[in-house]
There are 2 protein chains.
Amino acid sequence: MLDAIAEISILYDFYGALLPPKQREIFRLYYEDNLSLGEIAEEYGLTRQGIHETVKRGEKKLRDFEKRLGLIRKFNQEKQTVDKLKRDIDQLIQKRKEDAQLILKLEQIAKEMDRLVQ
Amino acid sequence: MLDAIAEISILYDFYGALLPPKQREIFRLYYEDNLSLGEIAEEYGLTRQGIHETVKRGEKKLRDFEKRLGLIRKFNQEKQTVDKLKRDIDQLIQKRKEDAQLILKLEQIAKEMDRLVQ
């Protein structure tokens, strides 16, 4: 259950902007504010079942966006590459501890790399 | 005119997968295979005006995707960061030409960075 929620949260982070405004709002109430289907239904004057279907339809759309664009898959690959490069730089730093100027510059480069996968 | 085509090509690279299959196909015929509106209309048994509207609707959607997700904007920022980091590494290489092992490793790191923005 927690895994499913985490998956949807990540999908929403990447693709939520592609959902229509009302669907996005219902999604936020359900997944971020943790309102129940019944509470959201009351707020919108709709049935609990109607809200349930909107949420399910939204989830399906988000998964479909990932199948089409693969942004999460690409982000994870990119993060792996950056982590690997940072380990390489760290090894250089460890091997050349006496070279203060080099270390400083390499540390700056490694730090800036993090901005790529934030 | 060329700029507009280049813009649409980039938008299509990033977001084409989000267009419905038929719209995508018409887009490809028009922008990649350079068929005229008339030729595409003939192939689909539709009017020239109908194809024109499909293309225009597709362009609008692609621009809207970029407004919502900003993938091209983010890619350009990322490319700037990577270019800057590569210049930094290049400077280290120039300053330490005598240190063959360090140079080799830095060159490998710079090369792998390119994969991030391909």
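This is a predicted model: local features need pLDDT of at least 70, side-chain atom pairs count only at pLDDT 80 or more; totals for chains, interfaces and linings use all residues.

Residues are numbered from 1 along each chain as its sequence is written, and chains are lettered from A and ligands numbered from 1 in the order in which they are written.

I looked up the geometry: the axes of helix H5 (residues 71-95) of chain B and helix H6 (residues 100-116) of chain B cross at roughly 170 degrees and come within 10 Å. Axes are lines fitted to C-alpha atoms, for helices over the stretch in contact, with angles from 0 to 180 degrees between N-to-C directions. Helices are DSSP runs (H or I, at least four residues; strands are E, at least two), numbered from the N terminus.

Which residues in H5(B) meet H6(B)? I listed B:Glu78, B:Val82, B:Leu85, B:Lys86, B:Ile89, B:Leu92 and B:Ile93 in H5(B), against B:Ile103, B:Leu106, B:Glu107, B:Ile109, B:Ala110, B:Met113 and B:Leu116 in H6(B). Contact here means C-beta atoms, placed from the backbone, within 7 Å. By class I got 11 nonpolar, no polar and 3 charged; Ala, Val, Leu, Ile, Met, Phe, Trp, Tyr, Cys and Pro are nonpolar, Asp, Glu, Lys and Arg charged, and the others, Gly among them, polar.

Next pair: helix H2 (residues 21-32) of chain B packs on helix H4 (residues 48-69) of chain B at about 100 degrees, axes 10 Å apart. That makes the two roughly perpendicular. H2(B) brings B:Gln23, B:Ile26, B:Phe27 and B:Tyr30, and H4(B) brings B:Ile51, B:Thr54, B:Val55 and B:Gly58. I get 5 nonpolar, 3 polar and no charged residues there.

Then I checked chain A, which has 6 helices and 0 strands. Its C-alpha atoms fill a box of roughly 70 × 25 × 25 Å along the principal axes.

Last, the copies. A rotation of 180 degrees with 0.0 Å of shift along its axis puts chain A on chain B at RMSD 0.1 Å, by least squares on C-alpha atoms of residues with pLDDT of at least 70 in both. The two copies are thus related as by a two-fold rotation axis. I also see that 100% of the interface residues of chain A are interface residues in chain B too, so the copies meet through the same surface.

How values were computed. Angles under 35 degrees count as roughly parallel, over 145 as roughly antiparallel, 65 to 115 as roughly perpendicular and the rest as oblique. Two residues are in contact if their C-beta atoms, placed from the backbone, lie within 7 Å.
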